Amino acid sequence: MKNILILALCAIYFNNCGVIGNTKEDTSSRNLAIAGLALLSQGSQVSTINFRLDSGSMKSVGCTSAVSNSSVIVSGGTKMQLNDARFYAYDVKLITADGSKTDFKLTTDGVFQNSFSSGGKTYTLGLIDFADKANNCANGAVPSAETNLKLVGTSVSGNYTGIEFTMGVPAEFNNQDNTTLAAPLNSTAMYWSWNSGYKFMKVEFMHEDATDSNKINYWHMGSSSCASNVCARINRPTITLKKSTGNINFSTDVIALDLQQLLDGTNTNSGNGGKKIACHSGPQTGGDCSTIGTNVGVNSTDGTSLTTQKAFSIK
């Protein structure tokens, strides 16, 4: 490819370079070089979008150590240990500098990504899972055996400055029997048997002064007030991210979920081992659940998607 680029520059700017002349062979080489330069100008093809769990200045946190390095992760909070952190994502798009969007088509692996069809519609969704079976994460309900920190797929080659995805499970599948569906929708940990629907996002933690598993704080977001596939509060936000400067380098840049930003504005340390956050089905009007919902891009009044959020960013 480097030789093609050199030939292309010679062909365009110098026409000759002592190599390219006027013979049929030279003309063919020149055309090949120009085509190669045009290909390079289109940008690279994206195959992987990487994710990371942060907590303020702490990067790539997980189950093996505290997810806060001071008492100020949230107002009044003490150091916390992670118990669980997962979410579903689908309808992934890549965004160019002019705002146009192209699909990032998720591939199927039968474990963390899979395609599901219903009523003539097909969706491929993925499960991002930051928690393994270490430490407190082993105490949660149905802990995961391994983590998944990426979405894998295919896209049109190009230069992209933003990423968009919908957090959750499509309505067509949200109220189906999870025991009849393939992975990752067969997860019992991400399903409410009492609510007949999925937890689109699940974050659980305990403070260091907690004495037992009853002191787990939890944020479980999913649709509520449902009749079949129709829910009064869908709580299914569209997360739209843009890199602050330049194009996204998919080899080095990641989408970070920041626990400190997710919980910003709450006070989880109310005594009694810090048991304070207890959010089922997502945000309701008022209180900590409403605050967290706003931070992740959900309108706490009606469950619609906000145009802003602060929990996710491109790093």
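How many of the residues of strand β11 are buried? Hold that thought for a moment, everyone, while I say what we are looking at.

This is a predicted model, where local features need pLDDT of at least 70 and side-chain atom pairs count only at pLDDT 80 or more, while totals for chains, interfaces and linings use all residues. Residues are numbered from 1 along each chain as its sequence is written, and side-chain values use heavy atoms, with hydrogens and water left out.

Confidence comes next. pLDDT is the predictor's confidence in each residue, on a scale from 0 to 100. The protein chain averages 81, and 77% of the residues score at least 70. Residues 1-21 fall below 50, and in the model this stretch has 29 contacts beyond near neighbours in sequence; a contact means heavy atoms within 4.5 Å. Residues 31-41 are also below 50, with 16 such contacts. Where pLDDT is low, the predicted coordinates should not be read in detail.

Now, back to β11, residues 201-207. All 7 of its 7 residues are buried, so the strand is largely enclosed by the rest of the structure. Buried here means under 20% relative accessible area, exposed means over 50%, and partly exposed is in between, using a 1.4 Å probe and protein chains only. Strands are DSSP runs of E, at least two residues long, numbered from the N terminus. Both faces of β11 are covered: Met201, Val203, Phe205 and His207 are buried on one side, and Lys202, Glu204 and Met206 on the other.

What does β11 pair with? Two strands pair if DSSP finds at least two bridges between them. β2, residues 80-95, pairs with β11 in the antiparallel sense over 7 bridges, and aspartate 84 stands opposite glutamate 204. β12, residues 217-221, is also an antiparallel partner of β11, over 5 bridges, with phenylalanine 205 opposite asparagine 217.

Let's move to β15, residues 238-242, where the side chains alternate. Phenylalanine 165 has isoleucine 239 as its bridge partner.

My last stop is phenylalanine 250, in the loop between β15 and β16. Is phenylalanine 250 buried or exposed? It is buried, with a relative accessible area of 13%. Leaving aside neighbours within four places in sequence, its contacts include Val46, Thr48, Leu94, Tyr160 and Ile163. Serine 47 is 203 residues away from phenylalanine 250 in sequence, yet their C-alpha atoms are 8.4 Å apart.

Methods. Helices (H or I, at least four residues) and strands (E, at least two) are DSSP runs, numbered from the N terminus.
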